[in-house]
Amino acid sequence: MMDWIASLPLGWAILFFWCLATARATVTFSLGRGIAAGVEHTSLRRFMSGPVYLRAMRFIDRWGPWAIPFCFLTVGIQTAVIGTAGVTRMRWRRFLPAMLLGTLIWGVIYGTVGMAVVWAVITAALASPVALAALILALAGVVILILWSTGGLARLRASRAQRRAGQSPRIQPDTTSDAGR
């Protein structure tokens with residue numbers, strides 16, 4: 001499969017990956033919006049009109065246009081970011097320009113050096129069990145580092161301790177106000 005992509009002129013390769021990412025992001029966003037619309041017809045609709053959800057909607061609508069292009073520079077969170085933008089009903093007029101910019105970035109990266117790097121890592125990992133183990137350990141280390149630096153590990157421990165004590169983990173109420181923004 002890689003041979004025909006590698007044989008494309010640079011512009012066509014970038015266009016191919018841009019179209020691929022645009023289709024994927026649009027479908028993911030639309031599925032998120034569809035899920036949100038479907039939930040409104042269930043008993044979960046009360047969560048969709050609650051203060052936490054409404055705040056999340058405002059946050060995503062305001063900051064999502066920044067998060068979406070940057071999520072294309074990462075591996076593994078594009079679907080989560082774009083799906084969340086859909087579920088929280090980010091406006092199309094804010095989503096589309098951000099998504100088109102992000103997919104262009106993604107297309108350039110994958111159309112130039114990205115696929116070569118992906119295939120090199122896969123080939124090395126499959127050729128050597130030691131390389132595969134090192135790759136898995138490196139990825140686990142990155143996840144642990146992210147959880148540690150964001151306080152995620154502390155929240156996991158606190159939640160686990162609350163469950164052991166017979167309490168349900170509680171979400172702290174948000175006392176900040178969006179007034180004046």
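**Figure 1. Contacts and overall fold of the protein chain.** Among contacts (heavy atoms within 4.5 Å) between residues at least 6 apart in sequence, 73% join residues at least 24 apart. The model is predicted: local features need pLDDT of at least 70, side-chain atom pairs count only at pLDDT 80 or more, and totals for chains, interfaces and linings use all residues. Residues are numbered from 1 along each chain as its sequence is written, and side-chain values use heavy atoms, with hydrogens and water left out. The chain has 8 helices and 0 strands, taken as DSSP runs numbered from the N terminus (helices: H or I, at least four residues; strands: E, at least two). Of its 181 residues, 24% are buried, where buried means under 20% relative accessible area, exposed over 50%, and partly exposed in between (1.4 Å probe, protein chains only). The accessible surface comes to about 12400 Å², 72% of which belongs to carbon and sulfur atoms; such areas come from the Shrake-Rupley method with a 1.4 Å probe, and for residues only the protein chains shown count as cover.

**Figure 2. The largest nonpolar core.** A nonpolar core is a set of buried Ala, Val, Leu, Ile, Met, Phe, Trp, Tyr and Cys residues joined through side-chain atoms within 4.5 Å. The largest one has 16 residues, and Ile68, Phe72, Ile82, Met90 and Phe95 have the most contacts inside it. At least two residues of this core come from each of helix 2 (10–39), helix 4 (51–71), helix 5 (78–87) and helix 6 (92–127). Helix 6 supplies the largest share, 5 residues. Leaving aside neighbours within four places in sequence, Phe72 is in contact with Ala21, Ala25, Gln78, Ile82, Met99, Gly102, Thr103 and Trp106.

**Figure 3. The buried side of helix 5.** Gln78, Ile82, Gly83, Ala85 and Gly86 are the buried residues of helix 5. They lie on the same side of helix 5, because they cover an arc of only 155 degrees around the axis. This arc is that of the directions from the helix axis to the C-beta atoms.

Figure 4. Arginine 89 lies in the loop between helix 5 and helix 6. Although not a glycine, Arg89 has a positive phi of about 60 degrees. Most residues other than glycine have a negative phi. At 25% relative accessibility, Arg89 counts as partly exposed. Alanine 36, in helix 2, counts as buried at 1% relative accessibility. Not counting residues up to four places away in sequence, Ala36 touches Met48, Tyr53, Val87 and Arg89. Ala36 and Thr88 are 52 residues apart in sequence and 7.3 Å apart in space, C-alpha to C-alpha.
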